[in-house]
Amino acid sequence: MKPIKKLRNKIFALINPGKKVYCLYCKKTYRKFLHEGVKSPIFKKYKVAGGGYKLNVQCPNCYSVDRSRLLYLFFQQRTEVYKKPTKILHISPNKEIANVLTGSTITQIVGTIEPEQYMEYNPVRLDVQEMDFPDNSFDVVICCHVIEHVDDDEKAMREIYRVLKPGGFGVLQVPLAINLEKTLEDKTLTTDKQRKIAHGQVDHVRLYGLDYFDKLKKTGFRVERDNPYDNKWLPEAELIRHRLDRIEDVIVAHKD
């Protein structure tokens, strides 16, 4: 992070003391969080969960955002990874989440196409579209905000299904357009401007609509949409204090 931005965050924290919001990662509380995200008309048009520009979501101390707090709570409240031996493949991880998936029960392997960015995890080089792991290798695969970047998303889904053990599950978050039935994808786009207009960000090759779930089911997954508010992970006042987005589900893809 640039020094000017770090200074801005420190000033923000100093002038916003309070208890209204709580960061699960660094345990700090504030009157409010920072705004964060990518401003994109198409994200706003189609009501994208897990993307876009959001108010009051980023911790000024550790820089966690709502979608990373969502996943930490998910693994705490909705899984047994901290209770029983679990082998996890974490693909191009959010480092906040990777840092808390530790403990005597967890074996976490970080795989990425850019290992130089993740050297602290002793990563393995991998392309999610063609992974060098045997079938049925992992209890959990976490692949969050990755598939919208790859050329062949269906091949990536098949690979994730292949390396999961029967009874295992994947956490497969993407920016999901709630008001869009069919995924927008145009591989003829060649410029950053074109891709941002069509897909929301310059490095996205598609914007997923609700047919994302059909693609996962076609691969063989049983798909669960686990919403913290609907399924009452915690009392609603606590969820609000974490600043979780009401429209963002954890997308859990089970290999039965």
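The accessible surface of the protein comes to about 12900 Å², computed by the Shrake-Rupley method with a 1.4 Å probe, where for residues only the protein chains shown count as cover. Carbon and sulfur atoms hold 51% of that surface. This is a predicted model, in which local features need pLDDT of at least 70, side-chain atom pairs count only at pLDDT 80 or more, and totals for chains, interfaces and linings use all residues. Residues are numbered from 1 along each chain as its sequence is written, and side-chain values use heavy atoms, with hydrogens and water left out.

Let me turn to the interior. Of the 256 residues, 51% count as buried, meaning under 20% relative accessible area, with exposed being over 50% and partly exposed in between (1.4 Å probe, protein chains only).

Which residues touch the most other members of the largest nonpolar core? They are F74, F75, L101, I142, V171 and V250, in a core of 33 residues. A nonpolar core here is a set of buried Ala, Val, Leu, Ile, Met, Phe, Trp, Tyr and Cys residues joined through side-chain atoms within 4.5 Å. Helix 3 gives the most to this core, with six residues; helices (H or I, at least four residues) and strands (E, at least two) are DSSP runs, numbered from the N terminus. Another core, of 28 residues, lies apart from it and includes I160, L164, L216 and I251.

Finally, I142 touches residues including F75, L101 and V171, leaving out those up to four places away in sequence; contact means heavy atoms within 4.5 Å.
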